[in-house]
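Where do charged side chains pair up in this predicted model, and what do the pairs connect? Follow the salt bridges one by one.

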Amino acid sequence: MNYHFLPQETYAPLGPRELGLAYGSVQRLKEAGGIRLESGGRELCLVCIGGQTGYRCGRKSGTAVMNDMLYVPVDTVIELDNAAGQMVCFGAPCTRQYEFAHIPFAQVDGDSRHKVYGKAENGTLRDVWNFIDESFPSGRLLTGICMGRDGGWTAWPPHEHAREREELYVYYGMGDSFGVQLVYDHKDHPYTTALVRDGHLVAIPRGYHPNCGCPGGGIHYVYCMVSTEEGERQFMDLRTETVFGDKLE
């Protein structure tokens, strides 16, 4: 099963079967102008990964700029009207209708949803912005952005949460930089050992999933975790690889 997708492979909708997942789906919208999305039985999270995009959703309208997120509930239509924008759309099945929300990066960056993990001395310092966290009303989604330092590790120490959540990473804003993404239960037989660049996608159905950016630039990605049980969304409900300790450092 392939869990690593190149940018050109993500413009068509990718469902759970293609991704090797049980619930999550994703599609990258290279040019977001003139697109009408119907959520149907899925809740969606759209992330602006380039430029800006105008939107209309019911009586609400506005502009999503770089790093902003839009939460779209089930049985809802959203229209995107600016061809200069680039968006990635995550989805997950949901049985309850919540409220549409535009979540600006500037707002998240200015409050407690902006976290700093790790230590500079061991190369694990990184910023995490939790846009859709446990306090946000949704069914399965936990979404945010992670930015590592040049040459640094994120998702460290290695941890896994397969019983609770599967996950998707989309790497963006990396320019000519690259990173290495690992996904494994056992290091001798990894699910994924991938060189990831701007626009790549990695699906994480299970396993430990640390990554590292090259010294010429840090790794930068949007994450989407999808809960296996609707309504159960605890960000820190996970298990750390025993040899590396039990804290996210």
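Start with glutamate 160 and arginine 239. Their side chains form a salt bridge, with N and O 2.7 Å apart. Glutamate 160 sits in strand 15 (residues 159-160) and arginine 239 in strand 22 (residues 239-240), so the bridge ties together parts that are 79 residues apart in sequence. Arginine 239 is partly exposed, at 22%.

Arginine 239 also meets glutamate 164 in a salt bridge, at 2.8 Å from N to O. Here the glutamate belongs to a loop, the one between strand 15 and strand 16 (165-171), while arginine 239 lies in strand 22; the pair therefore links parts that are 75 residues apart in sequence. Glutamate 164 counts as buried, with 15% relative accessibility. Shared partners extend the picture: salt bridges join Glu160, Arg163, Glu164 and Arg239 into one network.

Now turn to another pair. Glutamate 79 forms a salt bridge with arginine 56, and their closest N and O atoms are 3.4 Å apart. Which elements does this pair tie together? Glutamate 79 is in strand 8 (residues 77-80) and arginine 56 is in strand 5 (residues 52-57), so the bridge connects parts that are 23 residues apart in sequence. Glutamate 79 is partly exposed, with a relative accessible area of 29%. Arginine 56 is partly exposed too, at 38%.

These bridges are among the nine salt bridges counted in the model.

Key
Residues numbered from 1 in each chain as written. Predicted model: local features only at pLDDT ≥ 70, side-chain atom pairs only at ≥ 80, totals over all residues. Heavy atoms only, no water. Salt bridge = Lys/Arg side-chain N within 4 Å of Asp/Glu carboxyl O. Helix = DSSP H or I, 4+ residues; strand = E, 2+ residues; numbered from the N terminus. Buried < 20%, exposed > 50% of the residue type's maximum accessible area, 1.4 Å probe, protein only.
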